[in-house]
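I have kept to what can be read from the coordinates and from the database record.

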Amino acid sequence: MNRWLLILLTLIYLLFAKNSYAQTATLETKVNQVLTQEGLVGASWALVDGDKSTLGASGLSNQREQTKLTTQHKTHVGSITKTVMATGVLALVSAGKLQLESKVSDILPMLELVNPWRETDPVTVAHLLDHTAGIQDARFWHLVNTQAQVDSPLETVFLKDTDLLEVKVRPGSQFAYSNLGYNLLAMVIEAVTAQRYEDALQHYLLKPLKMSDSTMAFTSQAGPFKDERLTYGHLDHGQLFAAVPSYLRAAGQFTTTVADMEKFIRFLLGNGVQDGKVVVDAELLAQMGQPAEVAAYQAGLHMGGSKGLWRRDRNQTLGLCHGGNTAGFKGMLCLYPEQGKAFFVMANTDSETANYELLNKLMVEELQVASPEPITVQAYDASDWYGWYAPTIYRYGKFTYLDKIFSTYVLKPQGEQLVFGSAQSADYVLSSLGNGLYTQQQRVSPSHILMRSADGTPMISNGFNTYKMVDKLGVIGLGLSLALGLSGALYILLYGGYVFVTRFSKLTKEPLAIAFTMYLAYLLCVPFFINQSFIHIGDINAASVLLAFASVFAPVVCVIACVVHIRQKQASTLSLLALVAFVQWMVVMGYWGLIPLTLWNV
């Protein structure tokens, strides 16, 4: 009897073991297909479904050496760091070290936030957590340079550019993603704990959660901070990339494994208690991902998020998520608390062309995440909102000029629907749900809302970005200036180049030939840029200095060409117009701070 029972139990075990292996193998096969299709080197993941967890990895950790990627490898996670940071801040609040309502100016008096609303709406710790402080995002040089050190002071980015401390919109009124806000958060942590934020989070969060393979400290694949288990990051075409220190380390510097992320996920899905000890108060933990009560929320759109997680409507599911992207890596963390499901997936390739959503979709399908109830379409009169819209806050200050042209949206009717699109993005087709709420195609929840500002100006928001109606003439004017400038530049390149070559002996008497020399100045930069890694673009080096010189030389030499042209009464009117068109564009660029073009300061 016992023998037959043993045989039966053995058969049952083999059946379930085989099915479990088949499911894992099927997911790995599907991931491999996506890696091949999208040109990605490798990916690793952690799935949580109730009491069950699945860890996996596929592809390579080092394409050059053809090393297989495993679940034992460590990975960088980019901005998913912010979810860890936010949880750490909540742990400090739970430990009585900090309060969410505390004024940042009280904790960091050495940094003077320029806040026009400081008397009624001071910037608080909660605002930094929720990206509702109203400050801008990172500068170009924060992201691509080799000057940052592992221990560079967190305030470096603010001391060099005090404009970054200017509050652009009333704190708490709008969501505006800001990496700088999390650098400020790290400074807050250091101020209240009297230790480096990396060490504080290790003590208050990572150690209690037993995330022993994770660290906020800098790690790399090469050099003095090399971690042998850290997978290489890859760029397009499989080019290896070894991590370098960043001025914005608090916003995107975290090393972990899929096993540790599984522990982190289970903690987020739990009640804040670890081994019988409260790490994060349950009420605070439950607030993660709940929409901050910004203007769009108050108007009826319950998207957005808070405290390190954001509502994400993709693949016919609605989760609390945060994406991560850093040089060489890109991935996603998503939780579905009501279903007890979650996933973390990270690719060790940072590609400009790959569709990473395919990996997310595989994870959702493997977990069999349920979709929300269908939403009902209702008519709404949106005629007052037809028009042109600009962001209420421009994330990248130095590129405001370009954003004003290419990030200005147009809202217009298309039958019973609305179309919302800009020059640099695909059109969003929106269907009305009534009361100003709209849903985007392929979404399962409201995605946009039509509302008004305090002065009655029409606005539209998706919970993450808010746009205000603007006079289209100003946008058209900037666009026309750009078009004329580029036309003039092309004319100088083609006809000026011809004159330069055919009448070189009379160079000083040929206005267009004189103007053409600006291209020679720009050509001086090319060999230096080609022979350096992109990470050096934000440094002060031969390439960037020559570019700055060329950007000043171009308008100066064209003004000289205009003077020569005017003195020659028989000269072509078309050539003069081309020169004037280019010069006016340079003047506009100068007004917006792009001339001289100093890459180390944009």
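**Notes on the model**

1. Strands β10 and β11 run antiparallel and are joined by 2 bridges, with β11 spanning residues 309-314. As a caution for everything that follows, this is a predicted model. Within this pairing, glycine 305 has tryptophan 310 of β11 as its bridge partner, while serine 306 stands opposite leucine 309 in β11. The hairpin of β10 and β11 has 2 residues between the strands, and lysine 307 takes a positive phi near 55 degrees there.

2. The next pairing is that of β11 with strand β12 (residues 317-326), which is antiparallel and extends over 5 bridges. Aspartate 313 stands opposite leucine 318 in β12, and arginine 314 has threonine 317 of β12 as its bridge partner. These two strands also form a hairpin with 2 residues between them, and asparagine 315 in the turn has a positive phi of about 55 degrees.

3. Strand β12 pairs in turn with β13, in the antiparallel sense and over 7 bridges. Threonine 326 has phenylalanine 329 of β13 as its bridge partner. The hairpin of β12 and β13 has 2 residues between the strands, and in its turn glycine 328 has a positive phi of about 100 degrees.

4. What is the order of the strands in the open sheet? The sheet has 8 strands, which follow one another as β3-β2-β1-β14-β13-β12-β11-β10 with antiparallel pairing. Its edge strands are β3 (67-68) and β10 (305-306), each of which pairs on one side only. Helix α10 (residues 258-268) packs on this sheet, where it touches β1 (42-49), β2 (52-62), β13 (329-336) and β14 (341-347), and the direction of the helix makes about 30 degrees with that of β1.

5. The UniProt record, in an unreviewed entry, carries the annotation "domain: Beta-lactamase-related" over residues 29-364. In the model this span is 30% helix and 20% strand, and its end C-alpha atoms lie 16 Å apart.

6. A closed barrel is also present, made of 8 strands in the order β15-β16-β17-β18-β19-β20-β21-β22 and with antiparallel pairing. From one strand to the next, the twist averages 35 degrees. As one example of its pairings, strand β16 (residues 409-414) and strand β17 (residues 417-422) run antiparallel and are joined by 6 bridges, and tyrosine 409 stands opposite serine 422 in β17.

7. Residues 475-500 are 100% helix and 0% strand in the model, with end C-alpha atoms 36 Å apart. Over residues 576-595 the chain is 80% helix and 0% strand, and here the end C-alpha atoms are 22 Å apart.

8. Which residues make the nonpolar surface patch of about 360 Å²? The patch is made by Leu520, Leu523, Val526 and Ile530. Leucine 523 is found in helix α16, which covers residues 511-530.

9. Two details of the backbone deserve a separate look. Most residues other than glycine have a negative phi, and most peptide bonds are trans. Alanine 194, although it is not a glycine, has a positive phi of about 60 degrees, and this alanine 194 lies in the loop between α7 (179-193) and α8 (197-206). Isoleucine 595 and proline 596 are joined by a cis peptide bond, with omega at about 0 degrees, and proline 596 lies in the segment after α18 (573-591).

10. Side chains of opposite charge can pair when their charged atoms come close. With a side-chain nitrogen of Lys or Arg required to lie within 4 Å of a carboxyl oxygen of Asp or Glu, the count comes to 18 salt bridges. One of them is formed by aspartate 275 with lysine 210, whose closest N and O atoms are 3.1 Å apart. Because aspartate 275 lies in the loop between β8 (273-274) and β9 (277-278), and lysine 210 in the loop between α8 and β5 (233-234), the pair ties together parts that are 65 residues apart in sequence.

How values were computed:
Residues are numbered from 1 along each chain as its sequence is written. This is a predicted model: local features need pLDDT of at least 70, side-chain atom pairs count only at pLDDT 80 or more; totals for chains, interfaces and linings use all residues. Side-chain values use heavy atoms; hydrogens and water are left out. Patches are made of residues with over 30% relative accessible area and no salt bridge: like charges are joined within 9 Å, nonpolar side chains (Val, Leu, Ile, Met, Phe, Trp, Tyr) within 5 Å. Accessible areas come from the Shrake-Rupley method with a 1.4 Å probe; for residues, only the protein chains shown count as cover. Helices (H or I, at least four residues) and strands (E, at least two) are DSSP runs, numbered from the N terminus. Two strands pair if DSSP finds at least two bridges between them. Contact means heavy atoms within 4.5 Å. Axes are lines fitted to C-alpha atoms, for helices over the stretch in contact, and angles run from 0 to 180 degrees between N-to-C directions. UniProt positions are given in the numbering used here, feature names are shortened, and annotations may be inferred rather than shown by experiment.
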